[in-house]
Amino acid sequence: CKSAPDTVIWMAHRAKRVPTWHGESASPAAALRELGSGGRVVRELGGNANMHWVVAGMRGGDADGRAVLRRYRPRLEEVEVAYELRVLARVAALRWHVPVALTEPVRVGRHLWCLFRYIPGAPKRARSEHGKREEQRSRGRLLARLHADLATLGDVGQRHGWQRREEVLGPRDDGLTVEEVIRERVVPEEAEIMLAYAERARVRFAKVDAPRRPVMVVHGDLITGNVLYRKGELSGVIDFDFTHLDHRAADFVWTWRGRNDEVVRGYEEVTPLSETDRALLAPCYWVSVLDSARSEALHESDQSRRVSLPGNVAYLQRRSELTGN
């Protein structure tokens with residue numbers, strides 16, 4: 001959401017219309033009562049898959065009694081949230097300012113709810129192309145420093161229901177595979193392009209023997225809005241909703257996005273990528289875009305017709321100087 005000068009926020013995303021698949025929900029006030037921590041909801045911060053509200057007057061909040069109430073997306077299992085909270089606690093112990101949980105998650109209605117530490121700050125907003133490139137490079141350097149600590153958390157294992165990038169195209173515990181959904185639910189001309197990229201990804205993964213490559217805990221979504229600053233200094237890293245065990249290159253999926261090369265260049269100012277890391281950038285990105293297409297097709301309200309997903313096709317067809325794709 002937008003903020004006035006010197007206003008601090010925890011969640012940088014602008015408030016959006018809640019997707020219809022979220023369904024009905026308990027009110028934030030009702031959820032807060034169930035969490036039993038006192039306080040009152042004073043402001044919506046918005047979100048997308050997850051929604052957020054500022055809570056004031058809360059016992060155990062920051063010096064001003066503030067915290068953030070999160071409502072997780074529907075159908076999320078407790079074990080999946082528990083993993084995220086364990087990672088946050090471990091990262092906080094390594095002296096990173098992250099939104100650690102102040103309560104245990106509680107299911108109220110269809111959703112899990114949880115209270116988090118309030119992280120002040122706002123994301124950098126570039127005002128020029130040069131500024132945009134500098135922000136990307138700075139975020140790349142930050143990701144490299146974060147990875148140095150995340151790499152020590154391998155003992156937390158894999159997050160329930162999540163997969164390494166080379167596994168995304170394989171069998172699914174939650175139904176049809178990525179390619180089956182695309183083949184059956186996406187308009188033919190777009191499906192043909194998507195399936196070609198799926199095959200290209202398989203070839204790339206096989207070439208570097210991806211299943212045998214080391215993996216680490218990744219943040220999963222270090223976009224501009226998830227890095228907060230206050231008075232020009234880093235104040236926090238938020239939104240570990242996608243954290244899981246994967247290839248180092250998987251953490252560039254939504255930061256690099258197939259074209260933000262300055263993020264990678266900034267990263268390499270701190271930690272040079274290996275030849276294999278570079279080779280994994282494109283296929284990790286492609287399968288994540290394809291997995292997103294699978295999810296969109298499955299959540300389409302009218303299951304009797306094929307869906308058109310031109311945005312996903314455009315993402316796949318991006319070209320980067322780093323990879324030549």
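Residues are numbered from 1 along each chain as its sequence is written. Because the model is predicted, local features need pLDDT of at least 70 and side-chain atom pairs count only at pLDDT 80 or more, while totals for chains, interfaces and linings use all residues; side-chain values use heavy atoms, with hydrogens and water left out.

The secondary structure of the protein comes to 9 helices and 9 strands. Both are DSSP runs numbered from the N terminus, helices being H or I with at least four residues and strands E with at least two. The C-alpha trace spans about 55 × 50 × 40 Å along its principal axes. For 325 residues, a compact globule would have a radius of gyration near 20 Å, and the protein agrees with its 20 Å; the radius is taken over C-alpha atoms, and the globule rule is 2.2 Å times the number of residues to the power 0.38. Of the 325 residues, 51% are buried. Buried means under 20% relative accessible area, exposed over 50% and partly exposed in between, with a 1.4 Å probe and protein chains only. Among contacts (heavy atoms within 4.5 Å) between residues at least 6 apart in sequence, 71% join residues at least 24 apart.

Next comes the sheet. It is open, with 5 antiparallel strands in the order E1-E2-E3-E5-E4; two strands pair if DSSP finds at least two bridges between them. Strand E1 (38–47) and strand E4 (106–108) are the edges, each pairing on one side only. From one strand to the next the twist averages 30 degrees. Strand E2 (residues 51–58) is joined to strand E3 (residues 67–71) by 5 bridges, and His52 stands opposite Arg70 in E3. E3 also pairs with E5 over 5 bridges, where Val68 stands opposite Phe116 in E5. Between E4 and E5 there are 3 bridges, and Val106 stands opposite Trp113 in E5. These two strands form a hairpin with 2 residues between them, and Gly109 in the turn has a positive phi of about 70 degrees. In E5, 6 of the 7 residues are buried. Helix H2 (residues 78–93) lies across E3, E4 and strand E5 (111–117), running at about 10 degrees to E5. Axes here are lines fitted to C-alpha atoms, for helices over the stretch in contact, and angles run from 0 to 180 degrees between N-to-C directions.

Helix H5 (residues 188–207) has 20 residues and should span 28 Å at 1.5 Å a residue; its end C-alpha atoms are 29 Å apart, which agrees. The expected span is 1.5 Å times one less than the number of residues. Its buried residues are Glu190, Ala191, Met194, Tyr197, Ala198, Ala201 and Phe205. Seen down the axis, they fall within an arc of 125 degrees, so they line one face of H5; the arc is that of the directions from the helix axis to the C-beta atoms. Their cover includes helix H4 (178–185), helix H8 (275–298) and helix H9 (310–316). On the other side of H5, Pro188, Glu189, Glu192, Ala206 and Lys207 are exposed.

Two aspartates in loops have positive phi. Asp209, in the loop between H5 and strand E6 (216–218), has phi near 55 degrees and counts as partly exposed because its relative accessibility is 35%. Asp239, in the loop between strand E8 (233–237) and strand E9 (244–246), has phi of about 60 degrees and counts as buried at 8% relative accessibility.
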